[in-house]
Amino acid sequence: TAGVLDTLCKLGRERNVPVIGDVQCSSQMGNVARMKGITMTTPSEREARIALCDRESGIADLGAHLLTVTGNKSLLITLADRGVMIFEIKDKPLDEEARSMPQHELKKMMWTEYLPSFSRYTVDPMGAGDAMLATTACALAAGCSIMQATYLGNCGAAVECSKVGNIPLGKDELLAVARSQFQDVTA
């Protein structure tokens with residue numbers, strides 16, 4: 001409910017605890033823009049477009065707009081088998097003044113990074129978003145940066161895509177994907 005959501009977001013801010021939120025739009029209507037002033041949201045491209053009623057903007061504009069609407073610190077827009085876009089505000093959250101700025105000026109106030117999907121083959125994408133969210137949240141709680149946490153979250157999503165059904169992933173599976181990705185980059 002709106003009351004529970006507002007209370008959880010407020011408690012996270014007050015206690016300096018990372019709060020990561022997501023919605024699910026495939027079988028119900030959720031609006032990720034309702035999660036305001038938190039650490040991160042992780043919508044799919046479709047969920048971000050639904051929240052902003054925007055079918056046409058590029059991903060960078062979509063991310064900048066969603067961050068201005070919510071005042072959140074960061075945002076991951078998952079792109080299914082195309083990977084994930086990471087948006088992080090450089091300094092303080094965007095305020096009312098930033099909301100009236102042109103998009104090109106807003107984008108100067110944030111870091112944007114793209115990570116391709118780490119899944120070598122997809123058996124079943126069911127649960128990939130959940131694995132991304134859970135792994136990223138755990139990494140943030142352990143002290144990782146947004147970029148480090150997203151890297152690990154992307155590894156978690158790749159593990160989940162290699163299984164049939166929404167099955168919890170194990171530490172060893174996660175580390176195996178992380179190591180293989182690191183070896184691919186350094187090779």
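The questions and answers below treat the core, the strands and the pockets in turn.

User: What kind of model is this, and how are residues numbered?

Analyst: Residues are numbered from 1 along each chain as its sequence is written, and side-chain values use heavy atoms, with hydrogens and water left out. This is a predicted model in which local features need pLDDT of at least 70 and side-chain atom pairs count only at pLDDT 80 or more, while totals for chains, interfaces and linings use all residues.

User: Why is S3 described as largely enclosed?

Analyst: Strands pair if DSSP finds at least two bridges between them. S3 is joined to S2 in parallel by two bridges, and to S4 in antiparallel by five bridges. S3 is largely enclosed by the rest of the structure because the number of its five residues that are buried is four.

User: Which residue of S3 is the bridge partner of Thr41?

Analyst: Contact means heavy atoms within 4.5 Å. Beyond its neighbours within four places in sequence, the residue in question touches Met40, Thr41 and Phe87, among others. The bridge partner of Thr41 in S3 is Leu75.

User: What is the volume of the largest pocket?

Analyst: On a 1 Å grid over the protein atoms alone, a cavity is a set of points where a 1.4 Å probe fits but cannot get out, and a pocket is an open set with protein on both sides within 12 Å along at least five of seven lines; lining residues have an atom within 4 Å of a point. Grid points are joined across faces, edges and corners, and a volume is the space filled by probe spheres set on the points. For the largest pocket, this volume is about 820 Å³.

User: Which helix gives the most to the lining of the largest pocket?

Analyst: The lining has 33 residues, and Ser44 and Thr78 are among the closest to the pocket's centre. With five residues, the element that gives the most to this lining is H6.

Notes:
Buried means under 20% relative accessible area, exposed over 50%, partly exposed in between (1.4 Å probe, protein chains only).
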